[in-house]
Amino acid sequence: LSNLAMIRSDLGEYDDAERLYREALAGMQASLGEQHPEVAIVMGNLGRLLQSRGDHGGARALFDDALRIRLAVFGESHPVTAENLNDIGFLLSESGDAKEAEQFYLRALDAYPPDHKGRGATVFNLGRLAENRGEYTIAERRYREALALQRKDYGEAHDRVGADLNRLGIVLHRQGRLDEAEASMRQALAIYRERMPAGHQSLAAVLVPLGELLIARKRHTDAEPLVRAALVFSVLTSL
């Protein structure tokens with residue numbers, strides 16, 4: 001049921017996904033007990049779904065319950081606990097509580113083993129907090145660290161690497177380092193075009209910043225097709 005819910009969520013069938021997750025959660029609690037680590041996995045998946053639907057209160061309650069289970073079973077210094085802490089940090093960041101979000105991200109980094117694949121995402125999230133505060137030098141350092149980790153963990157052409165390159169390009173643009181910014185963004189766009197199906201909405205996240213950079217460089221002819229393509233993706237997503 002939980003796996004089917006994940007597929008339905010990926011297909012955008014969120015009502016069915018939520019129903020299936022709740023059914024799976026009730027079944028696991030009945031058969032395995034309410035403090036079983038498998039129960040915490042479903043809680044986390046359902047929490048992320050609720051977060052994506054804007055139900056931050058419901059998501060936080062599930063993340064907190066899952067964290068209590070994981071702390072009791074695994075303790076603080078364990079990868080699944082770290083993932084849970086990162087989820088709460090991301091939720092708090094979305095909710096506008098950047099200070100508390102940072103504390104959960106730092107706890108997650110302390111909980112991860114040095115070579116765990118999850119570290120790169122948490123470092124990236126810390127970069128987003130710094131970027132949102134206008135601390136572009138700190139954000140750049142975080143993004144470069146995340147980029148190095150995720151290149152090692154996932155390879156040169158993974159979409160996580162593309163996301164790192166894109167955000168790095170954005171903060172380089174904010175610092176006025178336009179040549180470096182454009183090179184980074186173009187690498188990100190090449191990865192996204194290779195990894196994503198044609199017309200995927202994630203491409204807009206790269207096309208818009210690159211278009212803005214080219215406009216800033218007075219290269220309007222180069223910028224226009226990128227911005228138009230991003231607009232098409234946005235319109236299709238809203239239909």
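**View 1. Helix 7 and its buried residues.** Welcome to helix 7, where G118, R119, G120, T122, V123, F124, N125, L126, G127, L129, A130 and E131 are buried (buried means under 20% relative accessible area, exposed over 50%, and partly exposed in between, with a 1.4 Å probe and protein chains only). The model shown is predicted, so local features need pLDDT of at least 70 and side-chain atom pairs count only at pLDDT 80 or more, while totals for chains, interfaces and linings use all residues. Residues are numbered from 1 along each chain as its sequence is written, and side-chain values use heavy atoms, with hydrogens and water left out. Helices here are DSSP runs of H or I with at least four residues, numbered from the N terminus. Helix 7 is mostly covered, with 12 of its 15 residues buried. Its cover includes helix 5, helix 6 (98–111), helix 8 and helix 9. The end C-alpha atoms of helix 7 are 22 Å apart, which agrees with the 21 Å that its 15 residues should span at 1.5 Å a residue (the expected span is 1.5 Å times one less than the number of residues). After helix 7 comes G134, with a positive phi near 80°.

View 2. R128 lies in helix 7 and is partly exposed, at a relative accessible area of 30%. Leaving aside residues up to four places away in sequence, R128 touches Y143 and R167 (contact means heavy atoms within 4.5 Å). R128 and R167 are 39 residues apart in sequence, and their C-alpha atoms are 8.2 Å apart in space.

View 3. Helix 3 has 16 residues and reaches 23 Å from its first C-alpha to its last, close to the 22 Å expected at 1.5 Å a residue. Among its buried residues are V39, V42, M43, L46 and L50. The buried residues of helix 3 pack against helix 1, helix 2, helix 4 (56–73) and helix 5. In the largest nonpolar core, which has 64 residues, L25, M43, L46, L189 and L210 touch the most other members (a nonpolar core is a set of buried Ala, Val, Leu, Ile, Met, Phe, Trp, Tyr and Cys residues joined through side-chain atoms within 4.5 Å). Helix 3 (residues 37–52) gives the largest share of this core, seven residues. L46 touches E18, Y21, R22, L25 and L62, not counting residues up to four places away in sequence. Just after helix 3, G54 takes a positive phi of about 90°.

**View 4. The lining of the largest pocket.** Which helix supplies the largest share of the lining of the largest pocket? The answer is helix 3, with eight residues. The lining divides into 19 nonpolar, 16 polar and 12 charged residues (Ala, Val, Leu, Ile, Met, Phe, Trp, Tyr, Cys and Pro count as nonpolar, Asp, Glu, Lys and Arg as charged, and the others, Gly among them, as polar).

**View 5. K218 in a loop.** K218 lies in the loop between helix 11 and helix 12 (220–238). K218 is exposed, with a relative accessible area of 65%. Its phi is near 65°, a positive value in a residue other than glycine.

Methods
Helix = DSSP H or I, 4+ residues; strand = E, 2+ residues; numbered from the N terminus.
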